[in-house]
Amino acid sequence: MKKLSFKMMAILLLGVFVFASCSEDDDENEMIVEPVESNTIVDVASGNDDFSILVDALVKTGLDDALAAEDASFTVFAPTNDAFVALLNELGVSGLDDIPNETLSSVLLYHVLNGEAPASAVTTGYYSTLSAGPAEGYNLSLYVNKEGLMLNGRAEIVQTDVMADNGVIHVIDKVVLPLSITGHAVANADFASLAAAVTKAGLADALADESALYTVFAPVNSAFDQLLSDLGVTLDDLTADDLSPILLYHVVDAFVPAADVASGYVPTLSPAQDRNVSLQIGVGEGVTLNGSSNVVATDVVATNGIIHAIDEVVLPPTVVDVVLDNPDFSILVEAVVKAELVETLNGAGPFTVFAPVNAAFEDLFTALGVSGIEDIDVATLTDVLLAHVVSGNVASTDLSNGSVATLNDAKNLEINIDNGVVIDGDINVVLADVQSTNGIVHVIDKVIVP
């Protein structure tokens with residue numbers, strides 16, 4: 001019995017020793033487990049003394065936590081301390097505390113792109129930053145010139161591909177600031193001619209106005225080259241008075257992103273006849289202006305609006321140009337040419353033109369039993385066309401019930417505005433107030449017959 005008890009005790013002691021040994025091993029293993037070291041964008045910046053002001057700015061605005069998020073991915077163009085010192089001197093302030101948090105936050109986010117973009121993936125063009133633009137859902141654009149390693153023509157990229165766990169850092173030598181419409185024109189060499197024209201016309205300040213909100217259809221350099229060649233002049237030959245109505249014809253007084261562009265006529269800031277000249281927009285496979293100028297780039301978001309680049313300068317139209325530029329008036333154009341009224345309707349005016357669409361002419365041809373304009377003699381055609389023209393710039397709001405004389409002495413128009421604008425009892429104005437330089441056009445659904 002004693003032997004058995006001693007043996008049992010030995011087994012029990014051995015078990016206790018083994019259990020104790022396992023417990024010690026577990027404790028030892030727990031002690032040597034080290035936490036994974038964080039290496040976010042904020043960690044990288046914090047570990048580099050040359051980014052201390054940047055880190056201070058992130059902390060001041062509360063953006064440090066966002067840029068330290070490990071489940072996110074960012075590209076940060078990081079200004080050095082020297083870049084921030086230069087900015088503070090430029091702004092005439094002594095430190096970050098002199099800059100409102102809202103302003104500082106906007107500037108900092110203007111250096112951040114969503115997603116990781118190493119240097120090999122960056123190309124020349126516009127990038128949407130995380131800095132909010134002037135309209136909800138649209139962030140400010142940053143222009144990158146890959147060839148010159150420049151941002152907005154201001155800051156140079158001096159080091160690339162500093163990798164972090166949640167993105168990549170490219171080091172820059174200046175702080176980049178959000179740009180107005182004028183600023184973007186100056187920053188991109190492809191808009192050098194536009195910038196020069198805007199400056200000469202004295203419109204630079206107007207297009208940098210932060211209290212306004214514009215859409216600008218911006219002609220590229222080649223578009224200006226073609227215009228000057230067609231006119232047989234240089235930019236130096238044009239005065240501010242020459243340039244201003246042309247440039248303002250490319251500006252709409254609203255924020256219109258590409259997603260909201262629709263076919264039709266919109267008023268521009270170019271003045272004529274105490275109104276604003278209309279711009280025709282066509283949306284099909286692409287977007288065209290006045291039937292010929294193509295939109296080649298969209299949605300460059302500025303602090304005071306949005307820019308769409310175009311490949312041809314558009315000129316404020318006459319009433320003849322309005323119908324020439326729209327394929328829905330091709331038969332009317334044919335008629336005006338045959339009646340030799342182009343020169344007349346391109347005159348000083350002003351004229352009010354009630355313009356029948358093609359379908360209206362086709363209905364007339366059917367009623368007359370003819371195949372087209374070629375079957376109508378010039379004298380008859382001239383009388384018909386002049387019955388569509390009223391002297392003066394008569395907008396739809398200027399019309400009232402009553403009789404209106406036309407350029408055809410034998411024909412007055414009977415106008416009724418009780419339910420829309422109706423002419424002679426059964427001719428409807430289907431689109432009103434297309435303003436040109438020498439008059440106004442109202443679109444009608446039936447040809448007026450004297």
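**Helices, rings, sheets and cavities**

Modeller: Phe361 and Phe365 both lie in helix H14, which spans residues 358-368, and they are four residues apart, about one turn of the helix. Helices are DSSP runs of H or I with at least four residues, strands are runs of E with at least two, and both are numbered from the N terminus. This is a predicted model, in which local features need pLDDT of at least 70 and side-chain atom pairs count only at pLDDT 80 or more, while totals for chains, interfaces and linings use all residues. Residues are numbered from 1 along each chain as its sequence is written, and side-chain values use heavy atoms, with hydrogens and water left out.

Colleague: Are Phe361 and Phe365 buried or exposed?

Modeller: Both Phe361 and Phe365 are buried. The word means under 20% relative accessible area, whereas exposed means over 50% and partly exposed lies in between, with a 1.4 Å probe and protein chains only.

Colleague: How many aromatic pairs does the structure hold?

Modeller: There are three aromatic pairs in the structure. Rings of Phe, Tyr and Trp (its six-membered ring) pair if their centres lie within 6.5 Å; planes under 30 degrees apart are stacked, over 60 edge-to-face, and the rest tilted. One of the pairs joins Tyr126 and Tyr143, whose ring centres are 4.9 Å apart and whose planes meet at 45°, so this pair is tilted. Because Tyr126 lies in strand E3 and Tyr143 in strand E4, the pair ties together parts that are 17 residues apart in sequence. Tyr126 is partly exposed, at a relative accessible area of 28%, whereas Tyr143 counts as buried, at 7% relative accessibility. Phe361 and Phe365 form a tilted aromatic pair as well, 6.2 Å centre to centre with 40° between the planes.

Colleague: How many bridges join strand E3 to strand E4?

Modeller: Strands of a sheet pair through backbone hydrogen bonds, either parallel or antiparallel. Two strands pair if DSSP finds at least two bridges between them. Here, E3 (residues 125-135) and E4 (residues 138-145) run antiparallel and are joined by six bridges. Ser128, for example, has Ser141 in E4 as its bridge partner. The two strands form a hairpin with two residues between them, and Gly137 in the turn has a positive phi of about 90°.

Colleague: Which residue takes a positive phi in the hairpin of E4 and E5?

Modeller: That residue is Leu149, with a phi near 50°, and four residues separate the strands of this hairpin. E4 runs antiparallel to strand E5 (residues 150-151), to which two bridges join it. The bridge partner of Asn145 in E5 is Met150.

Colleague: What is the order of the strands in the open sheet of seven strands?

Modeller: The order is E16-E15-E21-E20-E19-E18-E17, with mixed pairing. Strands E16 (389-391) and E17 (402-405) are the edge strands, each of which pairs on one side only. E17 pairs with strand E18 (residues 412-416) in the antiparallel sense over four bridges. Opposite Ala405 stands Asn412 in E18, and opposite Ser403 stands Glu414 in E18. E17 and E18 form a hairpin with six residues between them.

Colleague: How many cavities of 30 Å³ or more does the count come to?

Modeller: Rolling a probe the size of a water molecule over the atoms shows where empty space is left. A cavity is a set of points, on a 1 Å grid over the protein atoms alone, where a 1.4 Å probe fits but cannot get out, and lining residues have an atom within 4 Å of a point. Grid points are joined across faces, edges and corners, and a volume is the space filled by probe spheres set on the points. The count comes to five cavities of 30 Å³ or more. The largest cavity holds about 160 Å³ of space. Its lining has 17 residues, and Val323, Leu332, Val336, Leu345 and Val353 lie nearest the centre. Helices H11 (319-324), H12 (330-338) and H13 (342-345) and strand E15 (351-356) each supply at least two residues of that lining.

Colleague: How is the lining of the largest cavity made up by class?

Modeller: The lining of the largest cavity has 16 nonpolar residues, one polar and no charged. Ala, Val, Leu, Ile, Met, Phe, Trp, Tyr, Cys and Pro count as nonpolar, Asp, Glu, Lys and Arg as charged, and the others, Gly among them, as polar.

Terms used
1 Å grid on protein atoms, 1.4 Å probe; cavity = no way out; pocket = protein on both sides within 12 Å on 5 of 7 lines; lining within 4 Å.
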